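Reader: I would like to see how the words used for a structure follow from its values. Please take me through one case.

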Amino acid sequence: MSQKVLLTAKEVTIILHRLACQLIEKHLDFSDTIFVGIQPRGVFLAERLKEILEKEYQTPEIQLGYLDITFFRDDFRRTEKPLEANKTKINFIVENKKVIFIDDVLFTGRSIRSALTAIQSFGRPSEIELLVLIDRRFSRNLPIQPDYRGRQVDAINNEKVKVSWKENEGEDGVYLITS
């Protein structure tokens, strides 16, 4: 198994600031905008973006929720090992709000399809956008594309893209792992 560095910690920081600026351009004061981190790994990205926007760009407090999609996945009953659910934490109604789904890697698009179904339990958003750190563009099974992307990566199916966050693994970085 080999591992190649796709993004260093410095590059991740630069990309996060670029994404934050793109969000400001589109959403200005974020009064009708909600961040929803897709559990488990999109939560780190969502929290980091919220922190950058509020502390470094003086954006008013942004509502942030966490969405677990485990039981909405189309492969939920098709795997040998049982899937472990995470917590959904959305303490607000999304009715007529602009929702931004945030995830670390967009691969087949199935997680986002599941998120689109799961979010309906919390109301009907006026708009849904997708922000991802890594877009694996040649691996899509569904017609889902990000509105905001940190970096596009061309990886074949036996390669895995791993995003490390300092909050979880001690350092920021993105790696391409070949088995």
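Author: This is a predicted model. Of the 179 residues in the protein chain, 47% are buried.

Reader: What makes a residue count as buried, exposed or partly exposed?

Author: The relative accessible area decides: buried means under 20%, exposed over 50%, and partly exposed in between. Phe30 has a relative accessible area of 3%, which is under 20%, so Phe30 is buried. Leu28 has a relative accessibility of 65%, which is over 50%, so Leu28 counts as exposed. Glu11, at 31%, falls in between and therefore counts as partly exposed.

Reader: Where do Leu28 and Phe30 lie?

Author: Leu28 is in the loop between α1 and β2, and Phe30 is in the loop between α1 and β2 as well. Each has a positive phi in a residue other than glycine: near 50° for Leu28 and near 65° for Phe30.

Reader: And where is Glu11 found?

Author: Glu11 belongs to helix α1, residues 9-27.

Reader: How do you know that the buried residues of α3 line one face of the helix?

Author: The buried residues of helix α3 (residues 110-118) are Ile112, Ser114, Ala115 and Ala118. Seen down the axis of α3, they fall within an arc of 155°, so they line one face. In general, an α-helix has 3.6 residues a turn, so residues three or four places apart point the same way.

Reader: What covers the buried residues of α3?

Author: The cover includes β2 (33-38), β3 (63-67), β4 (98-106) and β5 (127-136).

Reader: How many helices and strands does the protein chain have?

Author: There are four helices and eight strands, in the order β-α-β-α-β-β-α-β-β-β-α-β along the sequence.

Reader: Why is the protein chain called as compact as a globular protein of that length?

Author: Its radius of gyration is 16 Å, and the globule rule gives 16 Å for 179 residues; the two values are close, so the description applies. The C-alpha atoms fill a box of roughly 45 × 40 × 30 Å along the principal axes. Among contacts with a separation of 6 or more, 68% are between residues 24 or more positions apart.

Reader: Which peptide bond is cis?

Author: The bond joining Gln39 and Pro40 is cis, with omega about -5°. Pro40 lies in the loop between β2 and α2 (42-56).

Definitions and conventions. Residues are numbered from 1 along each chain as its sequence is written. This is a predicted model: local features need pLDDT of at least 70, side-chain atom pairs count only at pLDDT 80 or more; totals for chains, interfaces and linings use all residues. Side-chain values use heavy atoms; hydrogens and water are left out. Helices (H or I, at least four residues) and strands (E, at least two) are DSSP runs, numbered from the N terminus. Buried means under 20% relative accessible area, exposed over 50%, partly exposed in between (1.4 Å probe, protein chains only). The arc is that of the directions from the helix axis to the C-beta atoms. Contact means heavy atoms within 4.5 Å. The radius of gyration is taken over C-alpha atoms; the globule rule is 2.2 Å times the number of residues to the power 0.38.
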